[in-house]
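Here is a chain to look at with its charged side-chain pairs in mind.

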Amino acid sequence: MNARKKWITGVLAVVVVTLFIQFPAETVKAEKTLQEMDGVQPNVKKTEIDDKHGSEDTDANVHLSTNKDICEYQVESETSLTEDIDEKEECYDAQDINTATLVDTDSEGTEEIFGWLADNHISWRLKDNIVTISGTGELCFENMHDGREPWAKYCQSPPQLVIEEGITKIGEGVFLGCEFTGNLILPNSVTEIGDSAFDICEGFIGDLTIPDSVTRIGEDAFYGCTGFAGNLTIGNSVTEIGDSAFSGCEGFAGDLTIPDSVTRIGEDAFYGCTGFTGNLIIGNSVTEIGDSAFSICGGFAGDLTIPNSVTRIGEDAFYGCTGFTGNLVIGNSVTEIGDRAFFGCEGFAGDLTIPDSVTRIGSRIFDGCSGFTGN
């Protein structure tokens with residue numbers, strides 16, 4: 001009996017020692033910044049690596065920029081980046097989040113959360129409730145909306161968003177429905193803002209400047225961003241303003257200038273932007289003003305000039321723009337004025353001339369335009 005007890009005691013001792021080696025009592029968070037990590041293959045706690053693409057990652061040095069299903073990671077050593085790692089049972093599939101995350105603390109003990117996009121060298125960092133997007137190339141998170149953005153679970157309140165130089169495109173639906181606060185500042189490296197890029201991001205405030213580097217503003221790009229409360233400045237390289245690009249952005253104020261580079265203003269592009277209180281200036285390269293492009297923009301004031309480059313004024317294009325108080329000048333290349341194009345624009349004054357180029361005049365185009373006082 002005594003021999004059996006000794007045997008059992010010996011086995012238990014081996015088990016305890018083994019468990020102690022495999023599961024250390026304390027995990028030390030790494031004190032490295034994202035910049036210091038750049039280019040390093042850190043020792044991380046790997047949750048799961050999908051080798052369906054033919055990769056043979058077998059140790060701790062996992063390269064985070066490969067195109068695989070990469071799950072959640074956590075740095076476990078302050079001094080060593082060569083220790084072995086163990087697999088965890090649960091992970092986030094790359095199709096849901098498509099990032100790896102690191103928890104870190106800076107020299108002041110402030111927690112930072114780092115994350116990577118698995119396949120195109122773009123990272124995010126959360127510190128002091130500010131999300132910073134860094135890297136080069138197109139920002140194209142997959143399925144990063146409806147509350148599933150990777151930093152959301154770490155935020156107690158909507159964070160501020162900072163997009164750094166190097167990002168060239170903000171892809172389709174990247175921030176759709178995301179909750180942010182503060183000003184949105186876009187870097188000069190961005191050339192395209194994709195469809196629904198900031199759709200229904202209601203928390204942004206202040207001015208919005210589209211930099212001169214941008215050539216296209218996609219459909220619904222800023223749809224429903226009701227929080228902006230300053231000026232909207234559109235850069236002088238934009239050639240297309242997509243359908244509903246700024247629809248429902250009721251807080252914009254002051255003048256609105258469509259630069260000469262723009263050739264098309266899409267349907268509903270500024271629908272319901274009731275806050276503008278200054279002049280509307282349309283650039284000399286615009287060929288089409290889409291249906292309802294400025295519908296219900298009641299705050300515009302002064303004259304309205306449709307430039308000679310425009311060939312079509314869409315249905316309801318200026319429906320309900322009650323604030324204009326000056327002359328309406330229609331350019332001599334317009335061939336079509338759509339139904340109700342100027343319906344309810346009661347403030348126009350002076351003469352009204354329909355140019356000889358017009359071949360179609362829709363129904364009720366000037367209904368309610370009671371202010372004209374000339375011929």
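Q: What makes the contact between the side chains of E315 and R340 a salt bridge?
A: The model is predicted, so to speak of local features pLDDT must be at least 70, and side-chain atom pairs count only at pLDDT 80 or more, while totals for chains, interfaces and linings use all residues. Residues are numbered from 1 along each chain as its sequence is written, and side-chain values use heavy atoms, with hydrogens and water left out. A salt bridge requires a side-chain nitrogen of Lys or Arg within 4 Å of a carboxyl oxygen of Asp or Glu. For E315 and R340 the N to O distance is 3.9 Å, so the pair meets the rule.

Q: How many salt bridges does this rule give?
A: The count is 12.

Q: Why is the pair D316 and R340 said to tie together separate parts of the chain?
A: Their side chains form a salt bridge at 2.7 Å, N to O. D316 is in the loop between β18 and β19 and R340 in the loop between β20 and β21, so the parts joined are 24 residues apart in sequence. Strands here are DSSP runs (E, at least two residues), numbered from the N terminus.

Q: Why is D316 called buried?
A: Buried means under 20% relative accessible area, exposed over 50%, and partly exposed in between (1.4 Å probe, protein chains only). D316 has 14%, so it is buried.

Q: Why is R340 called partly exposed?
A: Its relative accessible area is 25%, so R340 falls in the middle class.

Q: Which class does R364 belong to, buried or partly exposed?
A: R364 has a relative accessible area of 49%, so it is partly exposed. Its side chain meets that of D367 in a salt bridge (2.7 Å, N to O).

Note on methods. Helices (H or I, at least four residues) and strands (E, at least two) are DSSP runs, numbered from the N terminus.
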